[in-house]
Amino acid sequence: YTTKGPVKGTGLGLATGYGIVKQAGGQVHVESEPGRGALFEVLLPRSTSTATASAPAVKQADPPRGRGTILLVEDDDSVRDFVGFVLRQQGYEVLDAEHGPRALEIARAHQGEIDLLISDVVMPHMGGFEVAEALRHSRPALRVLHISGYPGDGMTGAAAFLAKPFSRETLLERVGQLIA
């Protein structure tokens, strides 16, 4: 189910939410009636542990400042904005595109190196695997990180993969591993 038009994105909200609930051992029940809306009931397993006071969390050191250029291809504006913000804040140069054909245009126009491609797997116009393949013709050493809200869907061909949703820390850790 989606309220988005055919070229307005893939509507990954429900798939992502469902994936999170299933990973936690829960269930999702849906009731939907045309013209009346939908009701989503999320059932999560009860915890068997008792709450205990814990020591204050130790703040982890920030990851080292990033160096390099990243081409970010993501059709969901909010995800693209989040990832771009986090990477720029860390010091990376970010070239961002809302779909594959635009990413190819940006890559052709960019005179310098592109150290990493971060691309959503499922997008209109051109999927992430297609974008990576097209870019490797002109940039054979390009490293690629695929991201997706569909857990495990088609990821057997992905050398590096990050499942949505992900945290700032997880994103920076994964990018740091790929750009050494």
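Predicted model: local features only at pLDDT ≥ 70, side-chain atom pairs only at ≥ 80, totals over all residues.
**Notebook: salt bridges, cores, rings and a patch**

Residues are numbered from 1 along each chain as its sequence is written, and side-chain values use heavy atoms, with hydrogens and water left out.

**Entry: Lys-164 and Glu-74**

I looked up Lys-164 and found its side chain in a salt bridge with that of Glu-74, at 2.9 Å from N to O. Lys-164 sits in the loop between strand 7 and helix 5, and Glu-74 in the loop between strand 3 and helix 2, 90 residues apart. I take helices (H or I, at least four residues) and strands (E, at least two) as DSSP runs, numbered from the N terminus. Are these two residues buried or exposed? Lys-164 is buried at 10% relative accessible area, and Glu-74 is buried at 0%. Buried here means under 20% relative accessible area, exposed over 50%, and partly exposed in between, with a 1.4 Å probe and protein chains only. I also noted a network of salt bridges that links Glu-74, Asp-120 and Lys-164.

**Entry: bridges within helices**

In helix 2 I checked Asp-77 and Arg-80, which lie three residues apart, about one turn of the helix. Their closest N and O atoms are 2.7 Å apart, in a salt bridge. Asp-77 is partly exposed at 46%, whereas Arg-80 is buried at 12%.

In helix 3 (residues 100-109), Glu-105 and Arg-102 are three residues apart and therefore separated by about one helical turn. I read 3.0 Å, N to O, for their salt bridge. Glu-105 is partly exposed at 40%, and Arg-102 is partly exposed at 32%.

**Entry: nonpolar cores**

I then turned to the largest nonpolar core, which has 20 residues; Leu-87, Ile-118, Leu-145, Leu-171 and Val-175 touch the most other members. A nonpolar core is a set of buried Ala, Val, Leu, Ile, Met, Phe, Trp, Tyr and Cys residues joined through side-chain atoms within 4.5 Å. Strand 3 (69-73), helix 2 (77-90), strand 5 (116-120), strand 6 (143-148) and helix 5 (168-178) each supply at least two residues of this core. Which residues does Val-175 touch, not counting those up to four places away in sequence? I listed Ile-70, Leu-87, Tyr-92, Leu-116, Ile-118 and Leu-145, with contact meaning heavy atoms within 4.5 Å. A second, separate core has 17 residues, including Leu-95, Leu-104, Ile-114 and Leu-117.

**Entry: aromatic rings**

I found one aromatic pair. Rings of Phe, Tyr and Trp (its six-membered ring) pair if their centres lie within 6.5 Å; planes under 30 degrees apart count as stacked, over 60 as edge-to-face, and the rest as tilted. The pair is Phe-82 with Phe-166, tilted, at 6.4 Å centre to centre and 45° between the planes. Phe-82 is in helix 2 and Phe-166 in the loop between strand 7 (161-163) and helix 5, 84 residues apart. Phe-82 is partly exposed at 33%, whereas Phe-166 is buried at 14%.

**Entry: surface patch**

Last, I looked up Val-30, which lies in strand 1 (residues 27-33) and is partly exposed at 48%.

Methods: Salt bridge = Lys/Arg side-chain N within 4 Å of Asp/Glu carboxyl O.
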